[in-house]
Amino acid sequence: MGEVSERERKIVVAVDEGEESLYALSWCLKNVIFENSKDTLILLYARPPRPIYTAMDGTGYLFSADIMATLDRYSYDVAEAVVEKAKRLCKHLNNVKVETRVESGDARDVICQMVEKLGADILVMGSHGYGPIKRAFIGSVSNHCAKSVKCPVLIVKKPKNSSHT
(Lines give C-alpha, C1' and ligand atoms only; values in the text may rest on other atoms or scores of the structure.)
Protein backbone atom coordinates (compact mmCIF):
# COMPACT_ATOMS: atom_id res chain seq x y z
CA MET A 1 0.00 0.00 0.00
CA GLY A 2 2.88 2.38 0.67
CA GLU A 3 3.52 2.66 -3.07
CA VAL A 4 0.03 3.84 -3.93
CA SER A 5 0.15 6.91 -1.73
CA GLU A 6 3.64 7.89 -2.93
CA ARG A 7 2.49 8.64 -6.44
CA GLU A 8 0.36 11.71 -6.89
CA ARG A 9 -2.93 10.72 -8.46
CA LYS A 10 -5.22 13.18 -10.18
CA ILE A 11 -8.79 12.28 -9.35
CA VAL A 12 -11.43 14.18 -11.31
CA VAL A 13 -14.93 14.25 -9.82
CA ALA A 14 -17.67 15.58 -12.09
CA VAL A 15 -20.10 17.61 -9.99
CA ASP A 16 -23.47 19.10 -10.91
CA GLU A 17 -26.69 20.27 -9.25
CA GLY A 18 -27.93 16.73 -8.65
CA GLU A 19 -27.71 14.87 -5.36
CA GLU A 20 -26.18 11.97 -7.29
CA SER A 21 -22.95 13.83 -7.99
CA LEU A 22 -22.53 14.93 -4.37
CA TYR A 23 -23.19 11.36 -3.25
CA ALA A 24 -20.51 10.19 -5.71
CA LEU A 25 -18.11 12.79 -4.29
CA SER A 26 -18.69 11.74 -0.68
CA TRP A 27 -18.35 8.06 -1.68
CA CYS A 28 -15.07 8.93 -3.40
CA LEU A 29 -13.83 10.73 -0.28
CA LYS A 30 -14.54 7.64 1.84
CA ASN A 31 -13.35 4.97 -0.59
CA VAL A 32 -10.91 6.38 -3.13
CA ILE A 33 -8.97 9.18 -1.47
CA PHE A 34 -6.32 8.17 1.05
CA GLU A 35 -5.67 10.57 3.93
CA ASN A 36 -2.18 12.05 3.81
CA SER A 37 -1.69 10.89 0.24
CA LYS A 38 -0.35 13.13 -2.46
CA ASP A 39 -3.65 12.94 -4.32
CA THR A 40 -5.07 15.94 -6.11
CA LEU A 41 -8.84 16.06 -6.20
CA ILE A 42 -10.24 18.10 -9.07
CA LEU A 43 -13.89 19.09 -8.81
CA LEU A 44 -15.15 19.68 -12.33
CA TYR A 45 -18.40 21.46 -13.13
CA ALA A 46 -19.65 21.77 -16.71
CA ARG A 47 -21.63 24.98 -17.02
CA PRO A 48 -24.29 24.51 -19.68
CA PRO A 49 -23.66 26.66 -22.73
CA ARG A 50 -25.91 29.66 -23.14
CA PRO A 51 -28.94 28.56 -25.14
CA ILE A 52 -29.01 29.96 -28.63
CA TYR A 53 -32.18 32.01 -28.72
CA THR A 54 -33.70 33.19 -31.90
CA ALA A 55 -34.26 36.92 -31.91
CA MET A 56 -37.89 36.29 -31.04
CA ASP A 57 -39.23 33.87 -28.50
CA GLY A 58 -42.46 31.98 -29.20
CA THR A 59 -44.65 34.93 -28.25
CA GLY A 60 -42.93 37.34 -30.59
CA TYR A 61 -41.08 39.27 -27.89
CA LEU A 62 -37.42 40.07 -28.24
CA PHE A 63 -35.07 38.86 -25.52
CA SER A 64 -33.39 41.99 -24.25
CA ALA A 65 -29.70 42.24 -23.41
CA ASP A 66 -30.44 42.53 -19.68
CA ILE A 67 -32.50 39.35 -19.71
CA MET A 68 -29.59 37.61 -21.42
CA ALA A 69 -27.21 39.05 -18.82
CA THR A 70 -29.51 37.83 -16.03
CA LEU A 71 -29.54 34.31 -17.50
CA ASP A 72 -25.74 34.35 -17.71
CA ARG A 73 -25.42 35.60 -14.13
CA TYR A 74 -27.79 32.91 -12.93
CA SER A 75 -25.72 30.28 -14.70
CA TYR A 76 -22.54 31.55 -12.99
CA ASP A 77 -24.31 31.64 -9.60
CA VAL A 78 -25.44 28.03 -10.01
CA ALA A 79 -21.87 27.02 -10.92
CA GLU A 80 -20.51 28.80 -7.86
CA ALA A 81 -23.11 27.23 -5.54
CA VAL A 82 -22.41 23.71 -6.84
CA VAL A 83 -18.64 24.12 -6.50
CA GLU A 84 -18.95 25.63 -2.99
CA LYS A 85 -21.15 22.75 -1.83
CA ALA A 86 -18.65 20.23 -3.23
CA LYS A 87 -15.70 22.04 -1.62
CA ARG A 88 -17.44 21.96 1.78
CA LEU A 89 -17.59 18.17 1.56
CA CYS A 90 -13.79 18.13 1.10
CA LYS A 91 -12.79 20.51 3.88
CA HIS A 92 -11.74 17.74 6.32
CA LEU A 93 -9.07 16.40 3.94
CA ASN A 94 -5.46 16.68 5.04
CA ASN A 95 -2.64 16.95 2.53
CA VAL A 96 -4.95 16.33 -0.41
CA LYS A 97 -4.97 19.22 -2.84
CA VAL A 98 -8.46 20.24 -3.89
CA GLU A 99 -8.83 22.18 -7.13
CA THR A 100 -11.97 23.35 -8.85
CA ARG A 101 -12.62 23.85 -12.54
CA VAL A 102 -15.71 25.36 -14.11
CA GLU A 103 -15.81 24.94 -17.87
CA SER A 104 -18.59 25.97 -20.20
CA GLY A 105 -20.10 23.53 -22.66
CA ASP A 106 -21.94 20.26 -23.03
CA ALA A 107 -21.10 18.09 -20.00
CA ARG A 108 -20.12 15.13 -22.19
CA ASP A 109 -17.54 17.13 -24.13
CA VAL A 110 -16.30 19.17 -21.16
CA ILE A 111 -15.70 16.16 -18.92
CA CYS A 112 -13.94 14.10 -21.60
CA GLN A 113 -11.76 17.02 -22.72
CA MET A 114 -10.76 18.01 -19.17
CA VAL A 115 -9.94 14.42 -18.14
CA GLU A 116 -7.62 14.28 -21.15
CA LYS A 117 -6.13 17.75 -20.62
CA LEU A 118 -5.53 17.24 -16.88
CA GLY A 119 -4.08 13.76 -17.37
CA ALA A 120 -6.53 12.32 -14.84
CA ASP A 121 -5.82 8.92 -13.27
CA ILE A 122 -9.49 8.28 -12.53
CA LEU A 123 -12.83 9.94 -13.27
CA VAL A 124 -15.59 9.69 -10.65
CA MET A 125 -19.19 10.44 -11.62
CA GLY A 126 -22.65 10.01 -10.19
CA SER A 127 -25.29 8.04 -12.02
CA HIS A 128 -28.50 9.99 -12.61
CA GLY A 129 -30.69 6.96 -12.95
CA TYR A 130 -32.83 8.48 -15.72
CA GLY A 131 -35.58 6.26 -17.07
CA PRO A 132 -35.04 4.66 -20.50
CA ILE A 133 -37.01 7.34 -22.39
CA LYS A 134 -35.25 10.35 -20.88
CA ARG A 135 -31.89 8.59 -21.29
CA ALA A 136 -32.66 7.96 -24.97
CA PHE A 137 -33.19 11.68 -25.53
CA ILE A 138 -30.52 13.11 -23.27
CA GLY A 139 -28.05 10.29 -23.62
CA SER A 140 -26.19 9.21 -20.55
CA VAL A 141 -23.28 11.52 -19.76
CA SER A 142 -21.60 8.82 -17.67
CA ASN A 143 -21.96 6.22 -20.48
CA HIS A 144 -20.51 8.62 -23.01
CA CYS A 145 -17.54 9.45 -20.77
CA ALA A 146 -16.93 5.81 -19.83
CA LYS A 147 -16.62 4.97 -23.53
CA SER A 148 -14.56 8.01 -24.48
CA VAL A 149 -11.91 8.62 -21.82
CA LYS A 150 -8.71 6.61 -21.48
CA CYS A 151 -8.53 6.47 -17.68
CA PRO A 152 -10.70 4.25 -15.44
CA VAL A 153 -14.19 5.65 -14.80
CA LEU A 154 -15.96 5.05 -11.51
CA ILE A 155 -19.73 5.52 -11.73
CA VAL A 156 -21.27 5.71 -8.27
CA LYS A 157 -24.94 4.83 -7.96
CA LYS A 158 -26.88 6.51 -5.19
CA PRO A 159 -28.84 3.89 -3.22
CA LYS A 160 -32.60 4.29 -3.74
CA ASN A 161 -33.39 4.22 -0.03
CA SER A 162 -31.08 7.11 0.85
CA SER A 163 -33.09 9.76 -1.00
CA HIS A 164 -34.00 12.80 1.05
CA THR A 165 -37.35 13.47 -0.57
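Me: What counts as a contact here?

Reply: Contact means heavy atoms within 4.5 Å. In this chain, residues 24 or more positions apart make up 79% of the contacts with a separation of 6 or more. Two notes on the source: this is a predicted model, where local features need pLDDT of at least 70, side-chain atom pairs count only at pLDDT 80 or more, and totals for chains, interfaces and linings use all residues. Residues are numbered from 1 along each chain as its sequence is written, and side-chain values use heavy atoms, with hydrogens and water left out.

Me: How many helices and strands does the chain have?

Reply: Both are DSSP runs, numbered from the N terminus: helices are H or I with at least four residues, strands are E with at least two. The chain has six helices and five strands. Along the sequence they follow α-β-α-β-α-β-α-β-α-α-β.

Me: At what angle do α2 and α3 pack?

Reply: Start with the axes. They are lines fitted to C-alpha atoms, for helices over the stretch in contact, and angles run from 0 to 180 degrees between N-to-C directions. Under 35 degrees is roughly parallel, over 145 roughly antiparallel, 65 to 115 roughly perpendicular, and the rest oblique. Helix α2 (residues 19-31) and helix α3 (residues 65-89) pack at about 25°, with axes 10 Å apart. The pair is therefore roughly parallel.

Me: Which residues make the contact?

Reply: From α2 come Leu-22, Leu-25 and Leu-29; from α3 come Lys-85, Ala-86 and Leu-89. For classes, Ala, Val, Leu, Ile, Met, Phe, Trp, Tyr, Cys and Pro are nonpolar, Asp, Glu, Lys and Arg are charged, and the others, Gly among them, are polar. This contact of α2 with α3 has five nonpolar residues, no polar and one charged.

Me: Is Leu-41 buried or exposed?

Reply: Buried means under 20% relative accessible area, exposed over 50%, and partly exposed in between (1.4 Å probe, protein chains only). Leu-41, in strand β2 (residues 40-47), is buried at 0%. Not counting residues up to four places away in sequence, Leu-41 touches several residues, including Leu-25, Leu-29, Cys-90 and Val-98. Across the chain, 36% of the 165 residues count as buried.

Me: How many disulfides are there?

Reply: A disulfide is a covalent bond between the sulfur atoms of two cysteines. The rule used is a pair of cysteine sulfur atoms within 2.5 Å. The count comes to zero.
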